[in-house]
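User: I would like to go through some of the labels attached to this structure and hear, for each one, what it rests on.

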Amino acid sequence: MLTDRAVAFLRPLTFSAAAECRCSVIPLAGIYWVDEMPNFRALRELPKQDQHGIYRLFSIREEIWAGSPPEGDDKVFWENAKAQVPQYALFQRLELSEQERATRARAEVTIMETLTAVF
């Protein structure tokens, strides 16, 4: 379950059809939209528990995009978070268009190249 601090952080982040799609190598290792996470610096100011909970939502959504709905603890966490902040933009993008899938595939290549170069 998300903490009250995490809920307060996510509550104003509502869906915008005009939001720009971006690639995040670190910390998300994937694509996201600016209405879902406009300020990573503000996220890093939250306690680690809250940061991890928010990152977990992004991770679960990546699994959903890959065709694996959440199970077990992840399912419970996802459903509780969705009940706490149902208007959070991340919950509005559970399916990708063809263009978004292509963007995601290009981002995965970029992320792997970047991580390979770094490590």
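User: Leaving aside its neighbours within four places in sequence, which residues is Asp50 in contact with?

Analyst: Asp50 is in contact with Thr3, Arg5 and Ala6, where contact means heavy atoms within 4.5 Å. This is a predicted model, in which local features need pLDDT of at least 70 and side-chain atom pairs count only at pLDDT 80 or more, while totals for chains, interfaces and linings use all residues. Residues are numbered from 1 along each chain as its sequence is written, and side-chain values use heavy atoms, with hydrogens and water left out.

User: What makes the pairing of the Asp50 side chain with the side chain of Arg5 a polar contact?

Analyst: The two side chains come to 2.7 Å, and a polar contact is a pair of N or O atoms within 3.5 Å (within protein, one atom must be able to donate a hydrogen and the other to accept it, and residues adjacent in sequence count only if both atoms are side-chain atoms).

User: Why is Asp50 called buried?

Analyst: Buried means under 20% relative accessible area, exposed means over 50%, and partly exposed is in between, with a 1.4 Å probe and protein chains only. Asp50 has 1% relative accessibility, so Asp50 counts as buried. Asp50 is found in helix α3, a helix being a DSSP run (H or I, at least four residues) and a strand another (E, at least two), numbered from the N terminus.

User: Why is the pair Glu36 and Arg61 called a salt bridge?

Analyst: A salt bridge is a side-chain nitrogen of Lys or Arg within 4 Å of a carboxyl oxygen of Asp or Glu. The side chains of Glu36 and Arg61 meet at 2.6 Å, N to O, and the pair is therefore a salt bridge. Glu36 lies in the loop between β2 (30-33) and α2 (40-44), whereas Arg61 is in helix α3 (residues 48-65), so the pair ties together parts that are 25 residues apart in sequence.

User: How do you know whether Glu98 and Arg101, which meet in a salt bridge, are buried or exposed?

Analyst: Glu98 has 59% relative accessibility and so counts as exposed, whereas Arg101, with a relative accessible area of 41%, is partly exposed. Their side chains meet at 2.6 Å, N to O, and both residues lie in helix α5 (residues 98-118), 3 residues apart, about one turn of the helix.
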